[in-house]
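Me: I am new to this structure and would like to learn how to read it. Could you walk me through a few features, starting with the ligand?

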Amino acid sequence: MTSLAHNYHPLEVTVATGDGAWVTDVAGKRYLDCLAAYSAVNFGHGHPALVAAAKAQLDRITLTSRAFHNDRLEPFAAALAALAGKDMVLPMNTGAEAVESAIKVARAWGYRVKGVPAERATIIVADGNFHGRTTTIISFSNDADARADFGPFTPGFVSVPYGDAAALEAAIDETTVAVLLEPIQGEAGIVVPPASYLPEVREITTRHNVLFIADEIQSGLGRTGATFQCDNAGVVPDLYLLGKALGGGIVPVSAVVGNSDILGVLQPGQHGSTFGGNPLAAAVGLAVVELLQTGEYQGRARMLGERLQSALRGLIGHGVVAVRGAGLWAGIDIDPALATGRRVCELLMEKGVLAKDTHGSTIRLAPPIVVTAEELDWAVEQLAAVLKELAA
Ligand SMILES: Cc1ncc(COP(=O)(O)O)c(C=O)c1O
């Protein structure tokens with residue numbers, strides 16, 4: 001019996017401590033953390049620089065609210081804007097809040113700058129999207145579980161097939177203010193679009209004076225072997241949505257990052273958050289940006305990612321039907337005749353590897369970027385062993 005609402009169905013492991021790529025449960029058993037809190041722990045559990053930044057800030061001040069300035073926020077915003085090659089940052093807390101904020105910004109930009117008729121703004125999204133759990137965000141989800149009994153929904157969204165630039169262009173009309181996309185769809189099962197897709201979306205949105213909003217909350221900040229997955233695709237969106245790893249796995253930190261001709265539409269009183277941009281979040285966020293400025297983590301994810309993806313491809317035909325991914329992020333489709341993704345994750349857990357299933361027979365791996373090559377090889381060996389046992 002638990003006092004918790006049953007909105008999650010966790011594996012039967014109770015984590016007590018973490019260190020780098022590893023966590024330890026209450027009984028002292030160690031596991032390689034191949035989920036990394038859905039990429040929020042990109043830099044590993046207890047990264048010394050991030051913990052030091054948090055501890056130092058705990059002794060100074062943790063919360064002031066945006067009614068006053070705090071001395072951590074401007075340095076964080078300036079560093080993050082520079083990392084993204086933009087000039088303005090809107091700090092929030094959770095990923096869903098960054099998405100909600102961008103929706104508001106895009107609508108206000110549409111009315112005030114583009115000249116879309118009042119109350120008619122539409123935003124184009126992609127089938128299979130996952131952008132969070134608020135009522136507005138689930139309004140444009142296609143996931144029945146995410147939506148059931150939570151209506152009425154927010155209007156103003158049009159969904160088109162993911163990866164199909166022609167369908168996206170056909171959906172644009174005089175009311176369209178933005179296109180909101182994940183550069184790789186994470187929750188959908190690490191769905192990588194065709195290489196031409198994001199460049200085409202960039203060209204189409206520019207031509208139609210429509211904002212291109214890239215939700216890099218899961219794909220960004222090192223995970224795919226670049227600062228942003230958009231870098232790998234060679235595109236620069238109008239707005240980046242960031243979250244998860246921006247808080248270093250220590251505090252929730254999210255942000256909308258763009259240029260002042262777009263983010264500048266927000267005026268005092270029009271948007272806000274009690275905790276957004278608080279000094280503790282800003283101190284940790286700045287330390288995260290400093291880790292990314294070196295390029296070390298992006299390079300590491302790229303190099304180790306190639307090793308991971310090729311090792312996983314070796315399992316195709318041995319219980320695996322397909323492997324997708326980029327950098328240290330992989331979606332693995334298990335042969336549904338063999339087992340569910342959940343069952344594979346349970347058996348992996350017994351062998352000391354924590355992973356997460358999605359959509360029935362897919363499992364995804366997203367280990368902290370501090371993982372070693374040997375640890376990765378070991379994790380793939382455990383998966384191979386699980387699949388072999390299931391086939392026996
Ligand atoms: C692409 C993407 N956007 C938004 C979110 C929502 O973030 P949060 O759970 O912090 O609200 C997620 C969470 O998984 C995500 O993967």
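Reply: Happy to! A residue counts as near a molecule if one of its heavy atoms lies within 4 Å of it. This is a predicted model, where local features need pLDDT of at least 70 and side-chain atom pairs count only at pLDDT 80 or more, while totals for chains, interfaces and linings use all residues. Residues are numbered from 1 along each chain as its sequence is written, and side-chain values use heavy atoms, with hydrogens and water left out.

Me: Which residues are around the ligand?

Reply: They are Thr-94, Gly-95, Ala-96, Phe-130, His-131, Gly-132, Glu-182, Glu-187, Asp-215, Ile-217, Gln-218 and Lys-244.

Me: How many disulfides does a search of the whole structure find?

Reply: A disulfide is a covalent bond between the sulfur atoms of two cysteines. The search counts a pair of cysteine sulfur atoms within 2.5 Å, and it finds 0 disulfides in the whole structure. For Cys-34, the nearest cysteine sulfur is that of Cys-345, 10 Å away. Seen from Cys-345, the nearest one belongs to Cys-34.

Me: Is Cys-34 buried or exposed?

Reply: Buried means under 20% relative accessible area, exposed over 50%, and partly exposed in between, using a 1.4 Å probe and protein chains only. Cys-34 has a relative accessible area of 2%, so it is buried. Cys-345, at 0%, is buried too.

Me: Where is Ala-226 found?

Reply: Helices (H or I, at least four residues) and strands (E, at least two) are DSSP runs, numbered from the N terminus. Ala-226 sits in the loop between strand S8 (211-215) and helix H9 (229-233). Why is Ala-226 called buried? Because its relative accessibility is 8%. The C-alpha atoms of Ala-226 and Gly-327 are 8.3 Å apart, although 101 residues separate them along the chain.
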